[in-house]
Every structure is written in structure tokens, then in C-alpha cells.
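These are my notebook entries on a few features that I looked up in one structure. I recorded each feature together with the terms needed to read it.

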Amino acid sequence: VERIDLFDLFTDDMKQHLNRCVADGEGINVCSAKPRIWEGKPTKNPRYLQLRPDIAVPRDKYLAQLGSRLYRKLPMSEPVNFPVGAVIGGKRNNPPDTLNGMKIRPLCVFNPIHYQELPELFMDYICSVTGKSPSTTGAGSEGALTKGPFNAIPACADLNNCYVSMLLTQYGGFCSAAGWIGPNYRMDHDISMIIPELWCRMMPEEKDPERMIKCGELEKVDDFEYEGRTIPASRLGYRITNQFVLTYLGRMFDNPTAVFTEEILKPELQDLDVYADGIENLAEAQKKSALNYFKDGTIADAIPPLRIVLHVMAYGHYNGKSI
């Protein structure tokens, strides 16, 4: 309160809260400018409230709406609607590491953008695994759609709705890599941040994953044998190729292949041991997550296609058949 330059930056509600605390002269004050203290140090996982860009810079919103109105030839009497054109998840990937003396296995097996058909996509959605993360749950599964720690209703309710929505809308199951790509390249959220810029430069027909596969812009990741073990790499679905980089990322970068090198497009080239362990780590976490649905009986609530996915995750097959 004594620092006028800082105090003036707070919202009116926070100003009232701080003034009230000063007037009371006792108790504990929680200030939105200070991250919480965890084990004697400021947390590495602060939560910030973003100032909405459409409110902070209303001119940009106005120009976007006006440009769309003119392009679509809409009269002023009609609203300018912006339907959701894509649902693209983000995967938190990490290299092998340790956290508080505990070994953290790798998850950095994805290249910048993957496409997964619904069975493989929902294996990831159901598990929502995280590695070295300063989250509420630490390493391991965060629960379906990452809301496990916060959701009081059985996860099948949300998963059923999500599965049916994906079936009806025919959205492609794309995802972007956050954190690391392989053990050598740290990306943080750089890839996730450019996804909207990339997707808005693509025509609707160009976003069709089936067309991308036929054109060689996506390649299938197959299972492989490694040191006597079958590595279930097919669960990663499809990943972008150099052709995708040249065709689409070339619309953003002068020399996209210098940014998205072969080692980034094929993380196994960085370290095959880490790559194989990361995929096995993912499959084991998926199995552990799926078994919970059988233990608590909520498997009965899953719609038929989701029930099949859960069976394959937990036991490797459904009535003797794989995905």
C-alpha cells in the first residue's frame, strides 16, 4: 500500500482488500502480485490472470471483425460469427531427469505436430500424462482431460461427451509438443504459441488429415522391435514430415527446414534409448489409468467405442482384437 506506483496497478477489488488488511493490522494477506511460497521458496508454477486482448486492445478485435465482415459480404445487421475451426491439444513432454531424488522417465517422443485417430487420441486424453511438472499431481497421470484432481464426477461423463463431439464434428485429433522434443531440444511453449498462426494460414481443405496423409505431409509411426521388446510406437499416431514443413511452415519462416530439422521431426535420431523408454513410459501410464475404470466400475458408464479403447489400454486387446 505504501508503494503508490505498484498499488495503483491493482484492480479496485484488490486495492480494497489490501486497504482492509492494513486497517485490520493482523492476520494473513494474500496478494495477487506475489507467488505462493512452497517449501520456503516462491513457487515455480505461478498462475497469472491474463488481461483479455480484446479488452486491452479493442482496435484489433474491431479490425478482425470488420475484415471478416467485408470478406464474407455480411450486412451490418448480421453478426460476424467465428466458429471453432480446430481443437489442438498440447502435450507436456520432458527428457529423462530427477525430481526430489525420484527418477523421471522421458515423454519427449513427439515431434512438433502429431495427428491421432480417435482410439489413440483418447488413450492420451484418458491418461493425460505429465512428467516433470510443478503441478498439483507431479509426475504421472493427471486424470482424464487433465481434470482428474479437480473433477468430482466420474470421468466417463466428460469423456463420453468429448468422444461423441469429436465423432459428430469430424475435427482432426491434432496435438502440439510443449516442453521438449527429444532429449536435446527444449521448446517450452514455442510450438504451441505458433499453432494459431500456422492454422490460420491454412485453407479448410488443407487441414484435412486424410488429405495430408495421402500427400505425404503426415507419416504413420509404427511399432518396432528394440532390444527384444516391442515398442508400441503406433500409439503416437501420425507426425508431420519435411513436406509439411516446406508447404505450411514455409508460410511463416523464410527457411523452415533450418528450424524444423530432421532430428526434431524424428526424435528417435537424438537418442533411441530415450525414445523407446518414453513410449513404454506412456503405454504403462495409459494402462495404469485405464485399470482404474475397471476397479471402480465406471467402465460400465463408457460408451461402446470408449469402452473398447479402455480395454485395449488396460489389457492390450478387446475380445482378442487390438486397435
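Entry 1. I looked up how α12 passes α13 and recorded a left-handed crossing. A crossing is left-handed if the near helix is turned anticlockwise from the far one by less than a right angle, and right-handed if clockwise. Helices here are DSSP runs (H or I, at least four residues; strands are E, at least two), numbered from the N terminus. The model is predicted: local features need pLDDT of at least 70 and side-chain atom pairs count only at pLDDT 80 or more, while totals for chains, interfaces and linings use all residues. Residues are numbered from 1 along each chain as its sequence is written, and side-chain values use heavy atoms, with hydrogens and water left out.

Entry 2. I then noted the geometry of this pair. The axes of α12 (residues 272-295) and α13 come within 7 Å and cross at roughly 120 degrees. Axes are lines fitted to C-alpha atoms, for helices over the stretch in contact, and angles run from 0 to 180 degrees between N-to-C directions. The two helices α12 and α13 are therefore oblique to each other; angles under 35 degrees count as roughly parallel, over 145 as roughly antiparallel, 65 to 115 as roughly perpendicular and the rest as oblique. From α12, Gln286, Lys287, Ala290, Leu291, Tyr293 and Phe294 make the contact with Leu310, His311, Met313, Ala314 and Tyr315 of α13 (contact means heavy atoms within 4.5 Å). By class, I recorded eight nonpolar, two polar and one charged residues in the contact of α12 with α13. Ala, Val, Leu, Ile, Met, Phe, Trp, Tyr, Cys and Pro count as nonpolar, Asp, Glu, Lys and Arg as charged, and the others, Gly among them, as polar.

Entry 3. Next I looked up α5 (residues 118-127), which packs against α13 (residues 304-315) at about 70 degrees, with the axes 10 Å apart. That makes α5 roughly perpendicular to α13. In this contact, Pro119, Phe122, Met123 and Ile126 of α5 meet Leu306, Val309, Leu310, Val312 and Met313 of α13. I recorded nine nonpolar, no polar and no charged residues for α5 with α13.

Entry 4. Is Ile308 buried, partly exposed or exposed? Ile308 lies in helix α13 and, at 33% relative accessibility, is partly exposed (buried means under 20% relative accessible area, exposed over 50%, partly exposed in between, with a 1.4 Å probe and protein chains only).

Entry 5. Last, I found Glu206 in the loop between α7 (190-199) and α8 (209-214). Glu206 is buried, with a relative accessible area of 16%.
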